[in-house]
Amino acid sequence: MSALFWVVWTALGACVGSFLNVCILRWPVDESVVRPRSRCPRCQRMIRWYENIPVLSWLALRAKCAGCGLPISARYPAIEALVGAGWLAAGLAFGPTFTAIRVAVFGTILLGIAITDLEHYLIPDGFTVSGLIWVLVTAFAALAFNEASPFAGPLDAIVGACAGAGAIAIIGWLGEAALKREAMGFGDVTLMAFAGAALGPLKALMTIFAGAALGAVVFVLIVMPIVRLRGAAPGSATDAAPPAQGAPADDASPTTDHRGVPLVPFGVFLAPAALIVLLWGDQAMAWYLRTMLP
Ligand SMILES: [Zn+2]
């Protein structure tokens, strides 16, 4: 394939990343991603098509609205560049195939899920419903292409969706019984239906295991030290006077439960785990069987 082909391929990925920005912004607040067209939140200036070219427009505008100079966050071009790079990586790894597009779309949706779960503690149906439909439809469509693919076939996709959603629902239910509080949002169930359809039942269960392991590592190495540092700092929220009646308490933020224990948005870990298991699940399984069994 020529260099030009891969430039166009990567640009297509960046455009998908641009649309992902819109989904990440609008789905958590129940807005349509189709209309209205994007406007500057301050001066309401409509964003022209040539101001909407991934990464390049942000650079040309020097990170500012052309109307009022309102700064435009670097996260928008960062997500566009990341998705473009992801599409290029999928294309180079799987060749210019239907499978590469399936991997790229799967990764793009998972990125959207991880970001909205991290920011808002929710996983919009927009990602999981359209993702589930995409995975199931392409599982059937892939039969026509006859390519080697890491994705589950049609039957395994259906069983995988049920296994992924069922397993995470059971874990959430047991966790709720043990902790006496909501342990898992329904968004995690929808995420695992989508991921399970892509992965099949066995790898869906591997994803939950890998996501829990990833979450535990991040929780112990990053979240706990931050909580401890904040707790030790004088004048921090923990030793401040209780807020006046009716005033919004700091604890009202969704980042901690009523005892101040940080909530962990599980989707943030399940999403990368699903991609890792799709790409390297077979190798991990072979390594495990080689190492653990005599
Ligand atoms: Zn503006």
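Q: If helices are DSSP runs of H or I with at least four residues, numbered from the N terminus, where is cysteine 68 found?
A: In this predicted model, cysteine 68 sits in the loop between helix 2, residues 56-60, and helix 3, residues 75-94.

Q: What makes cysteine 68 count as exposed?
A: A residue is exposed if 12 or fewer other C-beta atoms lie within 10 Å of its own; cysteine 68 has 12 C-beta neighbours inside 10 Å and therefore counts as exposed.

Q: Which residues does cysteine 68 touch, not counting residues up to four places away in sequence?
A: With those residues set aside, cysteine 68 touches Cys40, Arg42 and Cys43. For arginine 42, which is 26 residues from cysteine 68 along the chain, the C-alpha atoms of the two residues are separated by 7.6 Å.

Q: How many helices and strands are there in the chain?
A: The chain has nine helices and zero strands, and reading along the sequence gives the pattern α-α-α-α-α-α-α-α-α. Of its 294 residues, 34% are buried. Among contacts between residues at least 6 apart in sequence, 68% join residues that are at least 24 apart.

Q: Why are helix 4 and helix 9 described as roughly antiparallel to each other?
A: Helix 4 (residues 98-120) and helix 9 (residues 267-292) pack at an angle of about 165°, with their axes 7 Å apart. Angles over 145 degrees count as roughly antiparallel, and the two helices are therefore placed in that class. Their crossing is left-handed.

Q: Which residues of helix 4 and helix 9 make the contact?
A: Helix 4 contributes Phe106, Gly107, Leu110, Ile113, Ala114, Asp117 and Leu118, while helix 9 contributes Gly267, Val268, Ala271, Pro272, Ala274, Leu275 and Leu278. Sorted by class, this contact of helix 4 with helix 9 has 11 nonpolar, two polar and one charged residues.

Q: Why is tyrosine 121 called partly exposed?
A: Partly exposed residues fall between the exposed limit of 12 or fewer and the buried limit of 20 or more; tyrosine 121, with 18 other C-beta atoms within 10 Å, is therefore partly exposed. Tyrosine 121 lies in the loop between helix 4 and helix 5, and has a positive phi of about 55° although it is not a glycine.

Q: Is arginine 62 buried or exposed?
A: Arginine 62 is exposed, because 10 other C-beta atoms lie within 10 Å and the limit for an exposed residue is 12 or fewer. Arginine 62 is placed in the loop between helix 2 and helix 3, and its phi is positive, at about 50°, although it is not a glycine.

Q: What joins arginine 35 and proline 36?
A: A cis peptide bond joins arginine 35 and proline 36, with omega at about 0°. Proline 36 is found in the loop between helix 1 and helix 2.

Q: Which residues of the largest nonpolar core touch the most other members?
A: In this core of 60 residues, they are Leu110, Met192, Ala195, Ala198, Leu270 and Ala274. The largest share of the core, 11 residues, comes from helix 4. Methionine 192, leaving aside its neighbours within four places in sequence, is in contact with Gly164, Ala165, Ala167, Ile168, Ala204, Ile208 and Leu270.

Note on methods:
Residues numbered from 1 in each chain as written. Predicted model: local features only at pLDDT ≥ 70, side-chain atom pairs only at ≥ 80, totals over all residues. Axes fitted to C-alpha atoms, helices over the stretch in contact; angles between N-to-C directions. Parallel < 35°, antiparallel > 145°, perpendicular 65-115°, else oblique. Left-handed = near helix turned anticlockwise from the far one by under 90°. Contact = placed C-beta atoms within 7 Å. Nonpolar A, V, L, I, M, F, W, Y, C, P; charged D, E, K, R; others polar. Core = buried A, V, L, I, M, F, W, Y, C linked by C-beta atoms within 7 Å.
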